[in-house]
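The sequence and the coordinates come before the text.

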Amino acid sequence: MDKSVLSRNNVKVFGNGSQPMLFAHGFGCDQNMWRFITPAFADDYRIVLFDYVGSGKSDLRAYSEQRYSSLDGYAQDLLDVCYALELEDVIFVGHSVSSMVGVLASIREPALFARLILVGPSPRYINDPPYVGGFERRDIEELLDTMEKNYIGWANFLAPAIMQNPERPELATELTDGFCSTDPVMARRFAETTFFADNRADLSKVRVPSLILQCSDDIIAPTIVGEFVHRELAESTLHRMKATGHCPHMSHPAETIDAIKAYLSIAGIAGKTELAHQ
Amino acid sequence: MLGLLDRAPCGFVTFAGDGTVQDANATLLEMLGARREDVIGRPFEALLTISSRIFFQTHLLPLLKLQASVEELFLTMRRVEGADDVAMLANVSRREQDGVVVYDCVLMRLKERRKWEDDIVRAKRAAEEANRSNSALLSMMSHDLRTPIGSIAGYCDLLTMGVRGPMNDAQLGDVKRMKKASDYVLSLMDDVLSFARVRAGEVASFDMRTLDTDAVLARTEALMGPRMEQGGIQYQREECTPQVQVVADPDRLQQILLNLVTNAVKFTPRGGRIRISCRTTGARALVDVADTGPGIPTDQLERIFEPFVQVPGTSRADGGRQKGFGLGLAISRDLARRMNGDLTVASIPGSGSTFTVTLNSPAAEDAT
């Protein structure tokens, strides 16, 4: 087991089951975003959480601009975690951009994954007529501006986790206690990598069955995009949620849990404990 | 009081857990050019510009679910009529009302301050870009210069070994001087390359391990001993007892210590003393490298860590003429900081300087 990956990606493992459920956070937050969902699965599965390098409490020293300038670098993080824990038969749950990261990882290592659960996926955010992604390039440029201004005024929440500030050591403690902390430069790069990506052509290469959780009124991944993903992904199931917005796992955890459980149950993956194997 | 809230010089809005606006004051409606019915019952995010809606969904909403409040937000809101947007500074906090979660949001309009912040962001980006291209240029230059100089040094070696036939003593002396000069240029190039890489964030992987300080110092000593002897400098290392451990990348720590000792040798006059010792304070381990050189004027203490800066007239080498690019300390401090540590200096002009490398002990690293 490569222990360095476990600390690099701040990997957390818990739960009573044997089949792994690997949760991958989206852009803007970290593994904390799954805290309303994981308790519902911890009895039946082995829960694996991690932060991508550059997010949350990952080791920022391992950041490389080159590696993380494409989603393949993030997919490598995900696969590294799988290898380090020697995971098999993984139920992957990815939010937002992590849906595409999971898609890329599953194309490279299809045998590793049992199911992909994609929460609010989008293979391309920028419109490319006739394809509708929902955004124009300038919207994303403005988002980068908004982020940067928030990182200026919002240092107490989102400043880098290993900010060098020897004159004020108390800052460091404050930050490690904060949620969704991130380094501004890395966050900006992550935003560019996410929102300027185009993974439409990758969808048809996926062989692992998948569930698409589509929210209503999701500005980031509109319904039309969810339908596109469903059309392109073989063996995919599209589930339309009542939940609005882009983070149903945080805003509507009960509905999200029910949808995932129902899908896994129909797929015949009801969660196997160690005891069930004996 | 209600009249005050309605007319206060800032916007108030309350939205439910699902984002539906429950109430808004007159000032906010005025700022957005909206009627009450345009706002009440609609999602809060519908009042935002597209970029702020993305920010709301990806950053703000997750944070509000995880913690009770978020302050000093920059958001842009849409005016109902017209394309112009309104920049706002917002604070949001969560509260329970009759057992239901609601969010209260205060919004202050940013006008002049927005322009000023735009300028800051632009300047920051330009500086980052300039820094990146500088580092890229330095890195490319050093690499392109390093290769031919490396081959000059290699051919000098071949000639010295007599591979091309015998040389007389004068020729041999010349070739040795050429070799020495090219080695020196190579070491300068290595400094520049190393500096450019650290600054460009390219030294990606630090192999962080628990190290015995004594062992690291012994290696430094083995490498630097002959130079100190040659310079007539008295060397003293205090045993680190009880065993002081640090968490660091062994090669990078070695690089820092070599740099510090090389500097100390450079600045300590014949007959002077270099003393290395270590200590711990709390969860930090400190290594001190002290010399009896000329010291550093107080107003220069921080400047010496800036790249390409040297304190003039203090080196004993070449009668006070500076050698090198003045990158060693900049590189060393960057490396120390990237290993969760620091490099600092204390100095008494006329008596000497003490450089201190601070690093985490294993206990501190476990706690983070």
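The model is predicted. Chain B holds 10 helices and 12 strands. Its C-alpha atoms fill a box of roughly 100 × 50 × 35 Å along the principal axes. The radius of gyration of chain B is 31 Å, whereas a compact globule of 368 residues would have one near 21 Å. Of the 368 residues in chain B, 33% count as buried. Among contacts in chain B between residues at least 6 apart in sequence, 62% join residues at least 24 apart.

Strand β10 of chain B (residues 284-291) is largely enclosed by the rest of the structure, because 6 of its 8 residues are buried. β10(B) pairs with β9(B), residues 273-281, and with β12(B), residues 352-360. The table lists both pairings.

| Strand pair | Sense | Bridges | A residue pair |
|---|---|---|---|
| β9(B) and β10(B) | antiparallel | 8 bridges | B:Ile276 and B:Val289 |

β9(B) and β10(B) form a hairpin with 2 residues between them. In that turn, B:Gly282 has a positive phi of about 60 degrees.

The contact between the chains takes 39 residues from chain A and 35 residues from chain B. On the side of chain A that touches chain B, α4 (137-153) and α9 (248-251) of chain A each supply at least two residues. α4(A) gives the most to this side, with 11 residues. By class, this side of chain A has 19 nonpolar, 13 polar and 7 charged residues.

How values were computed
Residues are numbered from 1 along each chain as its sequence is written. Chains are lettered from A and ligands numbered from 1 in the order in which they are written. This is a predicted model: local features need pLDDT of at least 70, side-chain atom pairs count only at pLDDT 80 or more; totals for chains, interfaces and linings use all residues. Helices (H or I, at least four residues) and strands (E, at least two) are DSSP runs, numbered from the N terminus. The radius of gyration is taken over C-alpha atoms; the globule rule is 2.2 Å times the number of residues to the power 0.38. A residue is buried if 20 or more other C-beta atoms lie within 10 Å of its own, exposed if 12 or fewer, and partly exposed in between; C-beta atoms are placed from the backbone. Two residues are in contact if their C-beta atoms, placed from the backbone, lie within 7 Å. Ala, Val, Leu, Ile, Met, Phe, Trp, Tyr, Cys and Pro count as nonpolar, Asp, Glu, Lys and Arg as charged, and the others, Gly among them, as polar. Two strands pair if DSSP finds at least two bridges between them.
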